[in-house]
Amino acid sequence: TTSPGGATPLPKTKALLGKKGAMATNFFIHTPICCPSRAELLSGRYFHNIKTTPNPDHPAQPFKYPACMHVNETKVNNQTFAKYLNEAGYTVGMFGKYLNVIPDYVAEGFDAWMVNGGGDYIAP
């Protein structure tokens, strides 16, 4: 695709990722809304496997009113696709918005990490 000014956006990126990598040309997401969608993509798990449920016996439960739209972030942060790619010898980076709530540590498996939760970026 060419922009109105005649420039082709990101030609090197397209050549490296699109032509030498994998393209998802017919991709569907189970829960097409904000944080649950990203959490499913990162973890490879359906929403019902990563969601939180209120626990009336523990009012201080950290996931009672989550900012990530009822996603238990711990289940995502500790088991992303990056962990498995890293174990297979790949170098894995995450740049941009991660989840609505970002951990105060680099999620397991990421070698490069410059993420935010929709606000300011943080460095590892």
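## Aromatic cluster

In this predicted model, Phe81, Tyr98, Phe110 and Trp113 are joined into a cluster by ring pairs. The count of aromatic pairs comes to four. A pair of aromatic rings is described by the distance of the centres and the angle of the planes.

Tyr98 and Phe110 make one of these pairs, with 6.5 Å from centre to centre and 85 degrees between the planes. Planes over 60 degrees apart count as edge-to-face, and the pair of Tyr98 and Phe110 is therefore of that kind. Phe110 also pairs with Trp113: the ring centres are 5.2 Å apart and the planes stand at 50 degrees, so this pair is tilted.

## Position and burial of the paired rings

Tyr98 lies in the loop between strand 1 (93-97) and strand 2 (112-116), and Phe110 is in the loop between strand 1 and strand 2 as well. Because the two residues are twelve places apart in sequence, their pair ties together separated parts of the chain.

Are Tyr98 and Phe110 buried or exposed? Both are buried. For Phe110 the relative accessibility is 8%, which is why Phe110 counts as buried under the 20% limit. Trp113 has a relative accessible area of 4%, so Trp113 is buried too.

## Positive phi angles

Most residues other than glycine have a negative phi. Cys34 has a positive phi, near 30 degrees, and is not a glycine. Cys34 belongs to helix 2, which covers residues 34-43. With a relative accessible area of 35%, Cys34 is partly exposed.

His70 is another non-glycine residue with a positive phi, here about 70 degrees. Where does His70 sit? His70 is placed in the loop between helix 2 and helix 3 (73-77). The relative accessible area of His70 is 47%, so this residue is partly exposed; exposed would require a value over 50%.

## Ser37 in helix 2

Helix 2 also holds Ser37. The relative accessible area of Ser37 is 18%, and Ser37 is therefore buried, the limit being under 20%.

Which residues does Ser37 touch, leaving out those up to four places away in sequence? The contacts of Ser37 are with Ile29 and Thr31.

Terms used: Residues are numbered from 1 along each chain as its sequence is written. This is a predicted model: local features need pLDDT of at least 70, side-chain atom pairs count only at pLDDT 80 or more; totals for chains, interfaces and linings use all residues. Side-chain values use heavy atoms; hydrogens and water are left out. Rings of Phe, Tyr and Trp (its six-membered ring) pair if their centres lie within 6.5 Å; planes under 30 degrees apart count as stacked, over 60 as edge-to-face and the rest as tilted. Helices (H or I, at least four residues) and strands (E, at least two) are DSSP runs, numbered from the N terminus. Buried means under 20% relative accessible area, exposed over 50%, partly exposed in between (1.4 Å probe, protein chains only). Contact means heavy atoms within 4.5 Å.
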